[in-house]
Amino acid sequence: MSLQDFRLHAFVSSVWNDSRLHLHKYRGRTKSEYTIIYEKCRHYIWTPDIFFERAKVIENYERVSPCTLVKILPDGAIIMSTRYSFKAECLMNFENYPFDSQECVFFVSLMSSSDSVAVLKWIGDSQYGDRMSSIKMMRKSEPLQFFLSHPTAHSITEVFAEGNYTSLLASFRMVRRLTGSIMNTYAPSTMIVTMSWVSFC
């Protein structure tokens, strides 16, 4: 087992309803119509207090340019999308190298318990699942040493004395490419051993 780092560039979107806000005039007339509101308005409304458990370094590019988009959906729900760059840890097992496959899990959690007014769930499991998927790859990624499959979405609930806490898990499964290992490791080693035996003979 070895603890390695991986980088993840993502747009994290949160959807919630807040009955305290009067958003009737901002609602769209059709199901696909929505209203974009000023980005700085998010500082004056309640937003979910999510955190990323296994992230070592988090960047959101706020210093460079505004990277958060806030919209009002036709039913009055608020959707907020923020651009992030993560450096997260991944526990890898190299016991079966080079025929190994690795699974890196990224955690998204809520500071408050699931017994409170906020409940954390994947958007695909909510009423908005027909509009948006839980995880979507913007571009196909091709790592040099691995085949990357489409990430899968899971959720777990942990029970503590102060309440139940739900975390969302994004699982990234990677299968090692044999071509790179053969060309960079096995082929040169085989040639060196063969040449040493020829010179010995």
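Among contacts between residues at least 6 apart in sequence, 74% join residues at least 24 apart in this predicted chain. The model holds 10 strands and 1 helix, and the order of elements from the N terminus is β-β-β-β-β-β-β-β-β-β-α. The radius of gyration is 23 Å, well over the 17 Å that the globule rule gives for 201 residues, so the chain is more spread out than a compact globule. The C-alpha trace spans about 90 × 40 × 35 Å along the principal axes. Of the 201 residues, 33% are buried. The accessible surface amounts to about 13800 Å², and carbon and sulfur atoms account for 56% of this area.

The second largest pocket was examined next. Its volume is about 220 Å³. The lining consists of 15 residues, and those closest to the pocket centre are Pro48, Ile50, Met80, Thr82 and Tyr84. At least two lining residues come from each of strand S1 (2-16), strand S3 (50-51) and strand S6 (78-92). The largest share is that of S6, which supplies 3 residues. By residue class, the lining comprises 7 nonpolar, 5 polar and 3 charged residues.

One peptide bond calls for separate mention. Most peptide bonds are trans. The bond between tyrosine 97 and proline 98 is cis, with omega at about 5°. Proline 98 is placed in the loop that runs between S6 and strand S7 (101-110). Both tyrosine 97 and proline 98 are in contact with serine 181, a residue of helix H1.

Serine 181 and isoleucine 182 were then compared. Helix H1 covers residues 178-200 and includes isoleucine 182. Serine 181 counts as buried because its relative accessible area is 6%, under the 20% cut-off. Isoleucine 182, in contrast, has a relative accessible area of 45% and is therefore classed as partly exposed, a value between the 20% and 50% limits. Leaving aside neighbours within four places in sequence, the contacts of serine 181 are Tyr97, Pro98, Arg176 and Tyr186. With residues up to four places away likewise not counted, isoleucine 182 touches Ala187 and Pro188. The C-alpha atom of serine 181 is separated by 8.2 Å from that of glutamine 145, a residue 36 positions apart from serine 181 along the chain. For isoleucine 182 and histidine 150, which are 32 residues apart in the chain, the C-alpha separation is 26 Å.

A further residue, methionine 111, lies in the loop between S7 and strand S8 (146-148). Methionine 111 is classed as exposed because its relative accessible area, 51%, is over the 50% cut-off. Residues up to four places away in sequence not counted, methionine 111 touches Asp49, Phe51 and Tyr165. Of these contacts, Phe51 belongs to strand S3 (50-51), the strand that also supplies at least two residues of the lining of the second largest pocket. The C-alpha atoms of methionine 111 and threonine 166 are separated by 9.5 Å, although the two residues are 55 apart along the chain.

Key:
Residues are numbered from 1 along each chain as its sequence is written. This is a predicted model: local features need pLDDT of at least 70, side-chain atom pairs count only at pLDDT 80 or more; totals for chains, interfaces and linings use all residues. Side-chain values use heavy atoms; hydrogens and water are left out. On a 1 Å grid over the protein atoms alone, a cavity is a set of points where a 1.4 Å probe fits but cannot get out, and a pocket is an open set with protein on both sides within 12 Å along at least five of seven lines; lining residues have an atom within 4 Å of a point. Grid points are joined across faces, edges and corners, and a volume is the space filled by probe spheres set on the points. Helices (H or I, at least four residues) and strands (E, at least two) are DSSP runs, numbered from the N terminus. Ala, Val, Leu, Ile, Met, Phe, Trp, Tyr, Cys and Pro count as nonpolar, Asp, Glu, Lys and Arg as charged, and the others, Gly among them, as polar. The radius of gyration is taken over C-alpha atoms; the globule rule is 2.2 Å times the number of residues to the power 0.38. Buried means under 20% relative accessible area, exposed over 50%, partly exposed in between (1.4 Å probe, protein chains only). Contact means heavy atoms within 4.5 Å. Accessible areas come from the Shrake-Rupley method with a 1.4 Å probe; for residues, only the protein chains shown count as cover.
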